[in-house]
Amino acid sequence: MKQRVQPRTLFICLSLLCLLAVWLSLALGPVSLPLFDTMRAGLRLLGLPIAADGLQQAEMILGQIRLPRTLLGLAVGAVLALSGVAMQGLFRNPLADPGLVGVAAGAAVGAAVAIVGGSWLGGLPEVLAPYLLSLCAFIGGLGVTALVYRLGRRDGQTNVATMLLAGVAMTALGGAVVGLFSYLADDATLRTLTFWNLGSLNGASYQRLWPLLLVAAGVAVWLPRRAMALNAMLLGESEARHLGIDVERLKRELVFCTALGVGAAVAAAGLIGFIGLVVPHLVRLLAGPDHRVVLPASLLAGGVLMLLADLAARLLLAPAELPIGIVTAFIGAPFFLFLLMRGRS
Amino acid sequence: MMRRPVALLALCASLVFSNQALAAETLQRWVSAGGALSEWISALGGEARLVGVDTTSQHPSSLKSLPSVGYQRQLSAEGILSLRPDVLVGTEEMGPPPVLAQIRKAGVRVELFSSKAELAAVDENLKHLGQLLGAEQQAATLASGYHQQLDALQAKVRQAQAGQKAPGVLLLVGHAGAKPLIAGQGTAGDWLLSQAGGRNLAAHQGYRNFSGEALAALDPDVIVFSDRALADEQALQALLKENPALAGSRAVREQRLVSLDPTLLVGGLGPRLPATLQSLAATFYPAAKASLAQ
């Protein structure tokens, strides 16, 4: 039996890490601001009466660029990690990923329709374009997930195995549709599509942040309430039913939360892989499989990992920046392999 | 009564001029996110003002030593602001829009130019750049020289066409010779071919992948090949090796293959274009080579 970390210690450590990551995310960037200026600008943003002289640049960078970006990173990371826990609990399979129910593929199709279709229409008005992309991605993700869920249902029961296979099939189909659109797209549109598929927190703004923050808050409140039910699911579906859990309702809620959360995250920041897969593992490894711990801890760890990955994305190649999907995969994939190898020995 | 409009005019003119002088004086630090624009800025003597360029700015090669702000469609607001620029110039391809909005909000001028493959766009861009750099006279000279070169080439091409039919041409864009894309109608490549007096055999829109058989069936008189990985002779060798179906075409039998710098195909028309068009035309009309090369 491996030594497990006490939940209390874990939460204290993760909260501290989270604060540290937020601080780093606000304090570091390609523009080097004096630490004192950053702090004063931060306090000014909080509404404290501090003289504004010489702070314009710091305030602008902190308030308009770094703060929305940090909030976006926290929300996206938290939602992706929570959805990962939900999916791994639903499929009772540690390899489950939020993309498994087709939400990522659906969102990618929605984005392809918006990007390529938009260029066919001769470009949309500049105000509308970003919202249309997010909206199409969100609707695509939700739609495909609903279809996968529907395909998995028979006689009022949801067969998880059927749903998983339907998800795989829909993902393949989505891949084909995206492929078709990239074939039809011109060069410029193709590059936009490629970059969208790699994800980025670049260009975060408050207007586009609010919908995601609302969804993230909803998911973050709702899923931990179902921790006991998810624990019962670990024993098996029929066992959970015998323990008095409404299993069908639980499945519906898990799928809905994932579709909503991942759909909103993808709509705001593009496809970002590996957070949903790796973070729940990491937490379980440290604290054991109890969902009462895993859910809130994943929420914090997802946010932390996302912020750190974003820090690397914006600092490594400054003044250019890396798509964050590349960074998370570079961190995530070796770590995942490490877990696999460790488990075997 | 006549005095007032004149005075008003003079006032306006003086305002405009002082504004421009002001612009040229204050815009000391430039970031350029467009290959052709960077070339024009250098040609106008503004290279020393560039503090950052995007990944499509490869010419002149001294630009490569400047900090790179990444790909023009994926700019980073804070990355660009860290270079403390006074102005960011780019084509309408530049983005994403929220990042441009953030950069504007930070007080940096964002100036947009056209990347269309047409002469009017070059004129407009040069005029605009000249104003921003305070080098209007130079810009006007460059623009008229550009026109002259292209007009002279057109005249020679027409002359050559009297002796020889316009050749059927395909422009292939590839990576180390493999799976080339064919430049169709409406692309910058198509504009290049027609300016040099070639007849683009590809009838589709945009860039498309063709099967080897379809390529051979078009039977081009000349093949222009633009490779992103290899240059000149090596690129042509790789193309023939990867696409054996081409071997039967007239272009290969008569050894009429020519390579083209791929950076000419993106981001609008740049200053290196007339020379390239001249060498293309010389390949298209071998009989008139001597007159075209002048």
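Predicted model: local features only at pLDDT ≥ 70, side-chain atom pairs only at ≥ 80, totals over all residues.
**Exercise 1. Describe the position and contacts of B:Ser249.**

Solution. 
Step 1. Locate the residue. B:Ser249 is in a loop of chain B, between helix 9 (232-242) and helix 10 (250-253).
Step 2. Judge the burial. B:Ser249 has 1% relative accessibility, so it counts as buried.
Step 3. List the contacts. With neighbours within four places in sequence left aside, B:Ser249 is in contact with B:Asp219, B:Pro220 and B:Ile223.
Step 4. Check the side chain. A polar atom of the B:Ser249 side chain lies 2.8 Å from the backbone oxygen of B:Leu246.
Step 5. Compare sequence with space. B:Ser249 and B:Ala143 are 106 residues apart in sequence. Their C-alpha atoms are 39 Å apart in space.

**Exercise 2. Work out how chain B meets chain A: how many residues are in contact, and what area is buried?**

Solution. 
Step 1. Count the residues. On chain B, 26 residues are in contact with 26 residues of chain A.
Step 2. Give the area. The size of an interface is often given as the accessible area lost when the parts come together. Between chain B and chain A, about 2,200 Å² is buried. Carbon and sulfur atoms give 59% of that area.
Step 3. Look for charge pairs. One salt bridge is found across the interface of chain B and chain A. The side chains of A:Arg66 and B:Glu78 form a salt bridge, at 2.4 Å from N to O.
Step 4. Name the elements. On the side of chain B that touches chain A, helix 3 (77-81), helix 4 (97-105) and strand 8 (207-209) of chain B give two or more residues.
Step 5. Nine residue pairs are in polar contact across the interface, with both residues at pLDDT 80 or more.

**Exercise 3. Trace the salt bridge of A:Glu248 and A:Arg153, then find which network holds them.**

Solution. 
Step 1. Over all chains, the count is 19 salt bridges.
Step 2. Take the pair. The side chains of A:Glu248 and A:Arg153 meet at 3.6 Å, N to O. This pair links distant parts of the chain, 95 residues apart. A:Glu248 is in helix 11 (residues 247-269) of chain A, and A:Arg153 is in strand 1 (residues 153-154) of chain A.
Step 3. Compare the burial. A:Glu248 is buried, because its relative accessible area is 13%. A:Arg153, at 25%, is partly exposed.
Step 4. Bring in another pair. A:Glu237 and A:Arg241 form a salt bridge at 3.7 Å, N to O. Both lie in helix 10 (residues 237-242) of chain A, four residues apart, about one turn of the helix. A:Glu237 counts as buried at 18%. A:Arg241 counts as partly exposed at 38%.
Step 5. Join the pieces. A network of salt bridges links A:Arg153, A:Glu237, A:Arg241, A:Glu248 and A:Lys251.

**Exercise 4. Decide whether A:Arg314 and A:Asp310 are buried or exposed.**

Solution. 
Step 1. Confirm the pairing. A:Arg314 and A:Asp310 form a salt bridge, with the closest N and O atoms 3.4 Å apart.
Step 2. Read the values. A:Arg314 has 2% relative accessibility, so it counts as buried. A:Asp310 has 0%, so it counts as buried.

**Exercise 5. Find which residues form the nonpolar surface patch of chain A, and which helix gives the most.**

Solution. 
Step 1. Name the members. The patch is formed by A:Leu17, A:Leu20, A:Trp23, A:Leu35 and A:Met39, with about 470 Å² of accessible area together.
Step 2. Assign the elements. Helix 1 (7-27) and helix 2 (35-45) of chain A each give two or more residues to the patch. Helix 1 gives the most, with three residues.
Step 3. Check one member. A:Leu20 lies in helix 1 of chain A. Its relative accessible area is 45%, so A:Leu20 is partly exposed.

Notes: Residues numbered from 1 in each chain as written. Chains lettered and ligands numbered in written order. Heavy atoms only, no water. Patch = residues over 30% accessible without salt bridge, like charges linked within 9 Å, V, L, I, M, F, W, Y side chains within 5 Å. Areas by Shrake-Rupley, 256 points an atom, 1.4 Å probe, with all protein chains shown as cover. Salt bridge = Lys/Arg side-chain N within 4 Å of Asp/Glu carboxyl O. Buried < 20%, exposed > 50% of the residue type's maximum accessible area, 1.4 Å probe, protein only. Contact = heavy atoms within 4.5 Å. Buried area = accessible area lost by both parts, 1.4 Å probe. Polar contact = N/O pair within 3.5 Å; in protein donor to acceptor, adjacent residues only side chain to side chain.
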